[in-house]
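This briefing sets out selected features of the structure shown below, grouped by topic.

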Amino acid sequence: MYIKKTYQFKNSIEVEKMYSARYGKKGMKHNEKTNPSPEAMKKHNRKKCADNLRRLIKLNFQDGWNMTLTYRKDDRPDRALAKRYVNNFLRRMKYWLSKEGVELKYILVTEYENKAIHHHIIINDSPNLIKLVGKQWPHGQANFTLLYVDDDVATLAEYLIKETDKTFREDPDCKLRYTCSRNLEKPEPRVEIIKANEFRKEPKIPRGYILEADSLVNGVSSVTGYEYQSYRLTKIPEKGKRNERQKKPLRGHGSGEVSVLSPKGKTKNRV
């Protein structure tokens, strides 16, 4: 027997299969103990955090933006002041978005090691978002990239976790890799106990889905010592649906230093 966890999202499915001390295949030694190295534990925890972040984005930001807030070169704050600036910014955004009937949702990552201090914010869409950010972020520039959750969310999550690696390890005041608004839904898997002695090395792909590139992993956990498998499936988009958001005009242009970037990172408009 083995444990199967399935995470269902609007345009994708994620699957994890694993043996454990309680649920294992015939002949497997139970209560098998391992002594993972510190580096193996770091790698395990980093992957777990990236998995959690990726699923959080998929579940809550079907229609959103990946935004980076920077500071002017001659006016960069220290960490404490930057934290106050970004918290005040989010508080004001929550207030003004509520005036439009929009509830603010966000995930925040701040990085300052080896680079100029800056904030990555994944934020939900709203009719006047770009104009509003231009007014509420007076400290520098804001760069926007349309967020396509069925594209490169895995890469984005891994990048954001990697961005925090040094900060998270060396800064005693940095307890979390990212923070988020309290109104986000938490991904909950469907958990099944499968009565089979082993799982397929090549998973069966349901109709209408494709296996996400490089997502299939068959291995042995360096932490638990048991075999596992994980993979991600992406729903095949209907013809003409994929670029629907990209065709929409960018809204709410107004004053302020705001760069609007295309999904490929090329400057699309500047206001």
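E14 and R54 form a salt bridge (a side-chain nitrogen of Lys or Arg within 4 Å of a carboxyl oxygen of Asp or Glu), with the closest N and O atoms 2.8 Å apart. Because E14 lies in strand β2 and R54 in helix α1, this pair ties together parts that are 40 residues apart in sequence. The model is predicted: local features need pLDDT of at least 70, side-chain atom pairs count only at pLDDT 80 or more, and totals for chains, interfaces and linings use all residues. Residues are numbered from 1 along each chain as its sequence is written, and side-chain values use heavy atoms, with hydrogens and water left out.

**Salt bridges**

Helices (H or I, at least four residues) and strands (E, at least two) are DSSP runs, numbered from the N terminus. Buried means under 20% relative accessible area, exposed over 50%, and partly exposed in between (1.4 Å probe, protein chains only).

- E14 is buried at 2% relative accessibility, and R54 is buried at 4%.
- E14 also forms a salt bridge with K58 (2.9 Å, N to O); this pair links strand β2 to helix α1 across 44 residues.
- K58 is buried as well, with a relative accessible area of 5%.
- Within helix α1, K47 and D51 are four residues apart, about one turn of the helix, and their side chains meet in a salt bridge (2.9 Å, N to O).
- K47 is partly exposed at 40%, whereas D51 is buried at 9%.
- Salt bridges with shared partners join E14, E16, K47, D51, R54, R55 and K58 into one network.
- The whole structure contains 10 salt bridges.

**Helix α3**

- Six of the eight residues of helix α3 (residues 129–136) are buried, so this helix is largely enclosed by the rest of the structure.
- The buried residues of α3 are L129, I130, L132, V133, G134 and Q136.

**Helix α2**

- K94 belongs to helix α2 (residues 79–99) and is exposed, with 56% relative accessibility.
- The C-alpha atoms of K94 and K105 are 8.6 Å apart, and the two residues are 11 apart in sequence.

**Loop between β9 and β10**

- D214 is located in the loop between β9 (209–211) and β10 (217–220).
- D214 has a positive phi of about 65° although it is not a glycine, and at 80% relative accessibility D214 is exposed.
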